[in-house]
Amino acid sequence: MTKTNFKDYKLSDEILKSLDMLNYKNPTPVQEKVIPVALENRDILVKSQTGSGKTATFAIPLCEMVDWEENKPQALILTPTRELAIQVKEDVFNVGRFKRIKVAALYGKSSFSHQEKELKQKTHIVVGTPGRTIDHIKEGTFVTDKVKYLIIDEADEMLSLGFVEQIEEIMKGLPNERVTMLFSATLPEDIDALAKKYMKNPTKIEIEAKTLTVDRIEQVCYRVEEKNKLNLLRDVTIVENPDSCVIFCNTQAKVEALYAELSKRQYPCDKIHGGMEQDDRIRVMNNFKKGCFRYLIATDVAARGIDIDNISLVVNYDVPVLRENYVHRIGRTGRAGKSGKAVTFVMSTDERRISEINSYTGKELEFSKKPRRSVVIELTPAFQSKLGEKVEIKETKGAALSEEILKLHINAGKKTKMRAVDVVGTLCSIEGMTKDDIGVISIHDVSTFVEILNNKGNMVLKALQTKNIKGRPRSVTVVDEERLQQGRPRR
Ligand code: AMP
């Protein structure tokens, strides 16, 4: 049987080019089933696990279908957490990069006015958490009258976090003539009810995972009481000596305490929980993705959907309160066909939670003997030597795309009446440049950002040092993408 190819969907060359550069060779099963239906503008209810290529499943048709000429947002993607909103924004941006699709992310604990300014620009697709999205709709900063597509991602998580009323409020504020796609790992009754009320005869697509917990993930439980957990963690990390590991605790206080202990013991580690400032949470996740440290101590904010390659070990320092979170936590490892291991610390008071997890996953968790003293002693030198090793910084997923693209900052903006046509005019007057080499342009009060595609960035940067833009020489510099990603404004 011949494999389906993205070319079979008659996607535009710009989208195919992005998929090629992202190394998406063939559609995943969920993409294969959903993309053709989505391209026909039909409502869809999709049951699929995270890690199945779900984000691209809606990103591809959205980027294909939005009208580039329209300045107001045409699609809204709702996600349950801020981390996921940021990740989905990046994924959609990568898919739409060569079509110059502009994506804005709206989430709390981050500057409202910064988001407002972004929305004032041409914005094709908005990704948001429900609360902040409603705030922008109420303030009139997010104009919804052109929204034709609504995507509800991780719908079951949204409902279990109590977002149902907010979602309904958002839906009521959107045009009736729209396409709604709902993605969920499970389809409980309340999701069906939501679908019946707000979706038009949705096509139901279910991608069944054989078992809820991926077979590739080796799962081990140890019996341990609270006071001995830290010693057991030390032994487990010595024996496993992982390159990349997430340790989940149930509370913010516990994350803080464990972080302090592991830092004291020289573990290359950092922490993430909902009590931290959003900028810090973004910085920590980015650094973990890049491999700047090896141990991430986290609450369940990092359990859902977050896509990091090569996590080889997940430790449940505490058994999760919600059985679903067991599956989400361990699903951080064993991604993209790789193997992984999940270790769970079980106290005598956790028995009920374990049997709930067993009945949820349909598999009995097995208990193991703790690592033997002699083995721990034997492996300690290798562990110690790795603790001292310099970390290797990994490339981010969009790196191949970014290599081709250089983002420039021009020291002039709306206040000096800079318009996109001024920028395009100047750029096209540079020898060897055409309109097709120009990516996303965004104009702020005193700054303009422009992406130069096809490896022509450095040539353009050089040319702009002496060329006038809108009648005057301007300071043109390369953008520090990291600073922007972390949500910090340029100084
Ligand atoms: P998601 O379910 O959206 O979290 O995606 C899981 C992982 O699969 C991400 O790392 C994606 O970049 C990757 N991915 C998505 N679609 C494809 C594809 N067609 N081929 C290869 N990798 C993909």
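Reader: Which residue stands opposite Ile438 in β16?

Author: Strands of a sheet pair through backbone hydrogen bonds, either parallel or antiparallel. In this predicted model, the residue of β16 that faces Ile438 is Ile452. Strand β16 covers residues 448–452, and four bridges tie β15 to β16 in an antiparallel arrangement.

Reader: In what order do the strands of that sheet lie?

Author: The sheet is open and has four strands, ordered β15-β16-β14-β19, with antiparallel pairing. At the edges are β15 (438–443) and β19 (476–478), each of which pairs on one side only. On average, neighbouring strands here are turned by 25° against each other, direction ignored.

Reader: Which helix lies across β14, β15 and β16?

Author: That is helix α17, residues 420–428. Its direction makes an angle of about 145° with β15. Strand β14 spans 406–410.

Reader: How many strands form the sheet that contains β1, and is the pairing parallel or antiparallel?

Author: Seven strands form this open sheet, and the pairing is parallel. Reading across, the order is β3-β4-β2-β5-β6-β1-β7. The edge positions belong to β3 (103–106) and β7 (203–206), and each of these pairs on one side only. From one strand to the next, the twist averages 15°.

Reader: What joins β1 to β6?

Author: Strand β1 (residues 44–47) runs parallel to strand β6 (residues 179–184), and four bridges join them. Within this pair, Leu45 of β1 has Leu182 of β6 opposite. Helix α9, residues 189–198, lies across β1, β6 and β7. The angle between α9 and β6 is about 175°.

Reader: Where does Val321 lie, and how far is Val321 from Leu45 in space?

Author: Val321 sits in the loop between β12 (313–316) and α13 (323–330). Between Val321 and Leu45 there are two separations to read: 276 residues in sequence, and 28 Å in space from C-alpha to C-alpha. If neighbours within four places in sequence are set aside, the contacts of Val321 are with Asn250 and Arg353.

Reader: Now for pairs of helices. At what angle do α5 and α6 pack?

Author: Two values describe such a pair, the angle and the distance between the axes. For helix α5 (residues 112–120) and helix α6 (residues 130–139), the angle is about 65° and the axes are 12 Å apart. The crossing of α5 past α6 is right-handed. From α5 the contact takes Phe112, Gln115, Glu116 and Leu119, and from α6 it takes Arg132, Asp135, His136 and Glu139. By type, these residues are two nonpolar, two polar and four charged.

Reader: Is the crossing of α10 and α15 left-handed or right-handed?

Author: The crossing of α10 past α15 is left-handed. Helix α10 (residues 229–240) and helix α15 (residues 373–387) cross at roughly 65°, and their axes come within 8 Å. On the α10 side, the residues that meet α15 are Arg234, Asp235, Thr237, Ile238 and Val239. They meet Arg373, Val375, Val376, Leu379, Thr380 and Phe383 of α15. This contact divides into six nonpolar, two polar and three charged residues.

Reader: Which domains does the domain assignment give for the chain?

Author: The assignment lists domain 1 (6–206), domain 2 (217–387) and domain 3 (404–485). Between domain 1 and domain 3, the C-alpha centres are 29 Å apart. Eleven residues from domain 1 and 15 residues from domain 3 take part in the contact.

Reader: What is the mean pLDDT of the chain, and over which residues is the pLDDT below 50?

Author: Where pLDDT is low, the predicted coordinates should not be read in detail. For this chain the mean pLDDT is 88, with 91% of the residues at 70 or more. The stretch with pLDDT below 50 is residues 483–491. Beyond near neighbours in sequence, residues 483–491 have 22 contacts in the model.

Conventions:
Residues numbered from 1 in each chain as written. Predicted model: local features only at pLDDT ≥ 70, side-chain atom pairs only at ≥ 80, totals over all residues. Heavy atoms only, no water. Pairing = 2+ DSSP bridges. Helix = DSSP H or I, 4+ residues; strand = E, 2+ residues; numbered from the N terminus. Axes fitted to C-alpha atoms, helices over the stretch in contact; angles between N-to-C directions. Contact = heavy atoms within 4.5 Å. Left-handed = near helix turned anticlockwise from the far one by under 90°. Nonpolar A, V, L, I, M, F, W, Y, C, P; charged D, E, K, R; others polar. pLDDT = per-residue confidence, 0-100. Domains from an automatic or database assignment.
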